[in-house]
Amino acid sequence: MYFCKMIYFLQKIKHYITSNTRHGTHSPFVYALADELIYNKNITRCDSLIEDIIAYYLSKGLTESSFLITDFKQHSFADLLVLQNSYFMIFVKDIHDCSYHRKLWKTMQAHRDFVVLIDLFEFGIICKRKEQPKENFKLRYPYSFY
């Protein structure tokens with residue numbers, strides 16, 4: 001158990017070192033998400049970043065049914081591939097929780113049909129954006145560090 005926690009902690013440090021802030025993104029969509037929400041210290045916060053993101057897009061006119069919160073235990077790779085067509089955003093929790101989850105996330109990043117994947121370490125976001133070329137993003141989180 002100690003070894004697993006140590007690996008997780010080292011993965012978190014690696015993510016922090018290799019991730020970008022909003023200035024490392026080349027997507028107006030992801031930049032706006034980071035700038036207006038993740039790193040914006042002037043907004044009222046919910047209990048979690050997922051709740052903040054959902055509240056942000058609800059205020060822009062989307063509905064609750066536009067979002068799915070899941071993990072790799074509830075939905076498989078194949079499930080997520082199909083489900084991304086039905087949601088604006090899918091939040092996948094614990095993408096770095098174990099080596100199996102990290103491998104699944106990397107497989108998703110390599111797959112051509114997952115267009116926008118955002119890795120925030122604690123969770124990942126899947127966005128099916130037809131107007132954007134395929135790109136994977138790694139952003140620093142939690143935002144309380146900045």
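Tutor: In this predicted model, Phe29, Leu33, Glu36, Leu37 and Ile38 of helix α2 meet Leu49, Asp52, Ile53, Tyr56 and Tyr57 of helix α3, contact meaning heavy atoms within 4.5 Å. By class, the contact of α2 with α3 has eight nonpolar, no polar and two charged residues. For these classes, Ala, Val, Leu, Ile, Met, Phe, Trp, Tyr, Cys and Pro count as nonpolar, Asp, Glu, Lys and Arg as charged, and the others, Gly among them, as polar.

Two packed helices are described by the angle between their axes and the distance between the axes. Here α2 (residues 28–38) and α3 (residues 49–59) pack at about 110 degrees, and their axes are 11 Å apart. The axes are lines fitted to C-alpha atoms, for helices over the stretch in contact, with angles from 0 to 180 degrees between N-to-C directions. The two helices, α2 and α3, are therefore roughly perpendicular to each other; angles under 35 degrees count as roughly parallel, over 145 as roughly antiparallel, 65 to 115 as roughly perpendicular and the rest as oblique. Helices (H or I, at least four residues) and strands (E, at least two) are DSSP runs, numbered from the N terminus.

In α2, the residues Phe29, Val30, Leu33, Ala34, Leu37 and Ile38 are buried. They cover an arc of only 130 degrees around the axis, which puts them on the same side of α2; the arc is that of the directions from the helix axis to the C-beta atoms. Buried means under 20% relative accessible area, exposed over 50%, and partly exposed in between (1.4 Å probe, protein chains only). The buried residues of α2 pack against α3, β2, β3, β4 and β5 (135–138).

In α3, Leu49, Ile50, Asp52, Ile53, Ile54, Tyr56 and Tyr57 are buried. Their cover includes α2, β1, β2 (89–93) and β4 (123–127). Alanine 55, also found in α3, is partly exposed, with a relative accessible area of 35%. The C-alpha atoms of alanine 55 and leucine 80 are separated by 22 Å, the two residues being 25 apart along the chain. Glycine 61 follows α3 and has a positive phi, near 110 degrees.

Aspartate 94, not a glycine, has a phi of about 55 degrees; aspartate 94 lies in the loop between β2 and α5 and, at 32% relative accessibility, counts as partly exposed. Phenylalanine 121 has a phi near 70 degrees, again positive in a residue other than glycine. The place of phenylalanine 121 is the loop between β3 (116–119) and β4, and phenylalanine 121 is buried, with a relative accessible area of 2%.

Histidine 75 is in the loop between β1 (67–71) and α4 (77–83). Leaving aside neighbours within four places in sequence, histidine 75 is in contact with Leu68, Thr70, Leu80 and Leu83.

As for the basis of these values, residues are numbered from 1 along each chain as its sequence is written, and side-chain values use heavy atoms, with hydrogens and water left out. Because the model is predicted, local features need pLDDT of at least 70 and side-chain atom pairs count only at pLDDT 80 or more, while totals for chains, interfaces and linings use all residues.
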